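Subject: Handing over the structure

Hi there,

Here is the structure I promised to pass on to you. Please open it first, and then read on for what turned up.

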Amino acid sequence: MGILVGKDSKVIVQGITGREGANHARAMRDFGTQVVAGVTPGKGGQNFEGWPVYNSVAEAKAAHGANVSIIFVPPAGAADAVLEAAHAGMPLIVLITEGVPTVDMMRAVQEVRDLDAKSRAQGGEGVRLIGGNCPGLVTNGEAKVGIMPNRIYEKPGRIGLISRSGTLTYEAAKLLNDAGMGTSTTVGIGGDPVIGTTFADVLPMFEADPDTDAVVVIGEIGGADEEAAAEYIAQNMKKPVVAFISGRSAPKGKRMGHAGAIIMGDVGTPESKLAAFKAANVPVADTMPEIIDLVKQALNK
């Protein structure tokens, strides 16, 4: 079944009456996802294209047993939307919004982590945030909670995929699909400096998933998430992992790509990431198509 989302996922859309929320709610429904309701403050009681609309996440969750919320709220209110869902006890929150102020995300991520720890200490299932500035996640043939193109993820596969980049996520998934391997679950963790879930958070889920045979990690320059992932892989992973690092040819001193693609000293450089993966015996592809060859080698196919 893959990880995090599946046939049992019941999804609410925060911001369903906005353009982006509406478009992607339709696409998720077309994929087969159980989109059960929407939330737009001030529009509670309305019906939007067959979906009931509520004023709050708590109301929608109580009425429909929802266990996933996806957020299409403008940057100024996105962090508060995350916190509303978290305080309503939503187990999985997916923040698509790009451009959320970093200080807002720092506050929201810390509060979500505190609520997660409290929930688990009390025997609950916890609270997890994916994103922001992410494409979401999808378990092939079961549920899509995000903005990925439906057609790439229709057939179930057995390769887990984690990525900081949205467009490279789609490219890698299509390459795996065209090669006859496909993906089990694809998780786009987001490209901002502060995100709710990292590579090292997702890797143990794939390690424990019986429907995933290998994992592909799509990283980029900036930050230290890839280095942390390499350390986890070296110490804990039994399944093969293949990596790709985008931005390796970016000129020094230029700010490019995601907000999280910031190099600080010797941390976040292409060299530091390549060295970390090499130390963990993780092969790194030089090009996207080479990912397929490396996965096949890892699986002895």
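Let me begin with the overall layout: the centres of domain 1 and domain 2, taken over C-alpha atoms, are separated by 26 Å. Please keep in mind that this is a predicted model. The domain assignment places domain 1 at 10-130 and domain 2 at 155-300.

How do the two domains meet? Eight residues from domain 1 and eight residues from domain 2 take part in the contact. The size of an interface is often given as the accessible area lost when the parts come together. Here, domain 1 and domain 2 bury about 770 Å² between them, and 57% of that area is on carbon and sulfur atoms. How many salt bridges are there between domain 1 and domain 2? The count is zero.

On the helix 3 side, the contact is made by A76, A79, D80, V82, L83, A86 and H87, which meet D104, R107, A108, E111, V112 and L115 of helix 4. Sorted by class, the contact of helix 3 with helix 4 has eight nonpolar, one polar and four charged residues.

The other pair is helix 7 (residues 225-236) with helix 8 (residues 270-279), whose axes come within 8 Å and cross at roughly 5°. Helix 7 and helix 8 are therefore also roughly parallel to each other. Helix 7 contributes E226, E227, A230 and I233 to the contact, while helix 8 brings S272, K273, A276 and F277. The residues of this contact divide into four nonpolar, one polar and three charged.

Now for a loop residue. N150 sits in the loop between strand 9 (143-146) and strand 10 (159-163). Which residues does N150 touch, not counting those up to four places away in sequence? They are A27, D30, F31 and K144.

Finally, some backbone details. Most residues other than glycine have a negative phi, and most peptide bonds are trans. Two places in this model are worth a look with that in mind. G131 and G132 are joined by a cis peptide bond, with omega about 10°; G132 is in the loop between strand 7 (128-131) and strand 8 (136-139). L4 is not a glycine, yet its phi is positive, at about 70°. You will find L4 in the segment before strand 1 (10-14).

Enjoy exploring!

Best wishes

Note on methods: Residues are numbered from 1 along each chain as its sequence is written. This is a predicted model: local features need pLDDT of at least 70, side-chain atom pairs count only at pLDDT 80 or more; totals for chains, interfaces and linings use all residues. Side-chain values use heavy atoms; hydrogens and water are left out. Axes are lines fitted to C-alpha atoms, for helices over the stretch in contact, and angles run from 0 to 180 degrees between N-to-C directions. Helices (H or I, at least four residues) and strands (E, at least two) are DSSP runs, numbered from the N terminus. Angles under 35 degrees count as roughly parallel, over 145 as roughly antiparallel, 65 to 115 as roughly perpendicular and the rest as oblique. Contact means heavy atoms within 4.5 Å. Ala, Val, Leu, Ile, Met, Phe, Trp, Tyr, Cys and Pro count as nonpolar, Asp, Glu, Lys and Arg as charged, and the others, Gly among them, as polar. Domain bounds come from an automatic or database domain assignment. Buried area is the accessible area (1.4 Å probe) that two parts lose on being put together, summed over both. A salt bridge is a side-chain nitrogen of Lys or Arg within 4 Å of a carboxyl oxygen of Asp or Glu.
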